[in-house]
Amino acid sequence: MFKQISTQLLQHLIAQNSWANELLQPFAGKSVQLNLTLLNTSLVILENGSLAIAGDTNVPDATITITPSLLLRLIAKDEAAKLQIKIEGDTHLATELAKVFSNMRWDYEDDLSKLVGDVPAYKLGELGRHAVNTVKETGINLTEMLSEYWQEEKPMIAKKRHVAQFNAEVDTLRADVERLEKRLNKLAKTNAAETDSIQPVKKNVQ
Amino acid sequence: MTTEQNTHFGYKTVAEAEKAKKVAEVFHSVASKYDLMNDVMSAGLHRSWKRFAVSISGVSAGDKVLDIAGGSGDLSKLFAKEVGNNGQVILTDINASMLGVGRDRMLDAGLNVPALQCDAEKLPFPDQYFDCVIVAFGLRNMTHKDRALAEMQRVLKVGGRLLVLEFSKVWQPLAKAYDAYSFKLLPLMGKLLAKDAESYQYLAESIRMHPDQETLKQMMIDAGLSKVDYYNLAAGVVALHKGYKT
């Protein structure tokens, strides 16, 4: 039942983003396994450029692995996070599929309009967007406020420049220690050479 | 075990030449109540299985689709919507009574779907003609499944897909409950609704004699199909196999 419902949802999304058909069609018959820690599933590209959940004995042509922390960064639209997605197998196929998913949009207003009509759907959409923006802005404000408090008032988080300064000091210390080590080795060698040259004199005295 | 001359008809062993005749009798008998019985027996699930098969087929506008053992035409109707006016769906069945029901339904729905009575083991179509061939709940009634699969492969274009929707081996923990349903309830429902307990007894037996998921997958590979994969539906009560002609 999961496969039937998921396939229906995927195909609904693809139908709303018809530009994706052209991108996916050249890979018809190929499949990609998605490892999202909590959700591991394989998707197969159909001949009409749509997507479906793969069957029970499918062997994937590519694998995409996204850790939960990376997923959160991707949802927050962190561009640098995209570079950390782990891709194995047919990289061209996996990259195109990832491109489709990152550009895909759910036209919820269109779906809603079929249930409640165009105008209420638009108003509800507007309300939803406003709520999302408010939550997003509140989240950013709260994060900034807390980071400022923990940096300035009750230092629990190091500032970036302090971390950089600490790193530079560690580098200098490491270089100093290496120099000192070399100097000590040199001294030890000199000392050993001197000891060797003194010993025959001691024998003569005896 | 079957020999060259003998084959299964449910749990009975009959002469190969007899099987087609006996299957024909079963379907002549149930044709008028076929849809009603399907709905009652599967609690309407057969419709969602068929819709799923269409969604997995990858069929798009302009494609040519062959519906084998299409009977009352459920799948032909769904495919006709997908292929549009530039595509082509052909409904076939070996049984004239079943095909008659399907043909009438296509006409009533205003769909241009030709209905053709033919044997799946000797398809009257040229090589490499169809983009998709589907057989739903029909393969298990065929006398020589291997020949039928080879024929389906023959009429597919390169890159074309064969879909087989058929009863299969249920998930083991549910096997006892499923047996009780199949051998006790099913013939009873057949008796009450279609006034034909025997045909539904045959249905239950033929399901048990049909190859399981992995065996059918291998049979499709042996018929020349590649990348064969299957979906277990309703815990394996039904399986949808898909293979490609390459």
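Helices (H or I, at least four residues) and strands (E, at least two) are taken as DSSP runs and numbered from the N terminus. The model is predicted: local features need pLDDT of at least 70, side-chain atom pairs count only at pLDDT 80 or more, and totals for chains, interfaces and linings use all residues. Residues are numbered from 1 along each chain as its sequence is written, and chains are lettered from A, with ligands numbered from 1, in the order in which they are written.

**Exercise 1. State how many helices and strands chain B has, and judge its radius of gyration against the globule rule.**

Step 1. Chain B contains nine helices and nine strands.

Step 2. The radius of gyration is taken over C-alpha atoms, and the globule rule is 2.2 Å times the number of residues to the power 0.38.

Step 3. For 246 residues a compact globule would have a value near 18 Å; chain B has 17 Å, which agrees. The C-alpha trace of chain B spans about 45 × 40 × 35 Å along its principal axes.

Step 4. In chain B, 49% of the 246 residues are buried (20 or more other C-beta atoms within 10 Å of the residue's own, C-beta atoms being placed from the backbone).

**Exercise 2. Carry out the corresponding analysis for chain A.**

Step 1. Chain A has eight helices and five strands, in the sequence pattern α-α-β-β-β-β-α-α-β-α-α-α-α.

Step 2. A compact globule of 206 residues would have a radius of gyration near 17 Å, but chain A has 31 Å. Its C-alpha trace spans about 115 × 50 × 30 Å along the principal axes.

Step 3. Buried residues account for 14% of the 206 in chain A.

**Exercise 3. Describe the packing of α6(B) against α9(B).**

Step 1. Two packed helices are described by the angle between their axes and the distance between the axes. Axes are lines fitted to C-alpha atoms, for helices over the stretch in contact, and angles run from 0 to 180 degrees between N-to-C directions.

Step 2. Helix α6 (residues 145-155) of chain B and helix α9 (residues 213-222) of chain B pack at about 55°, with their axes 9 Å apart.

Step 3. Angles under 35 degrees count as roughly parallel, over 145 as roughly antiparallel, 65 to 115 as roughly perpendicular and the rest as oblique; α6(B) and α9(B) are therefore oblique to each other.

Step 4. B:Lys145, B:Asp146 and B:Leu149 of α6(B) make the contact with B:Met219, B:Met220 and B:Asp222 of α9(B) (C-beta atoms, placed from the backbone, within 7 Å).

Definitions and conventions. Buried ≥ 20, exposed ≤ 12 C-beta atoms within 10 Å, placed from the backbone. Contact = placed C-beta atoms within 7 Å.
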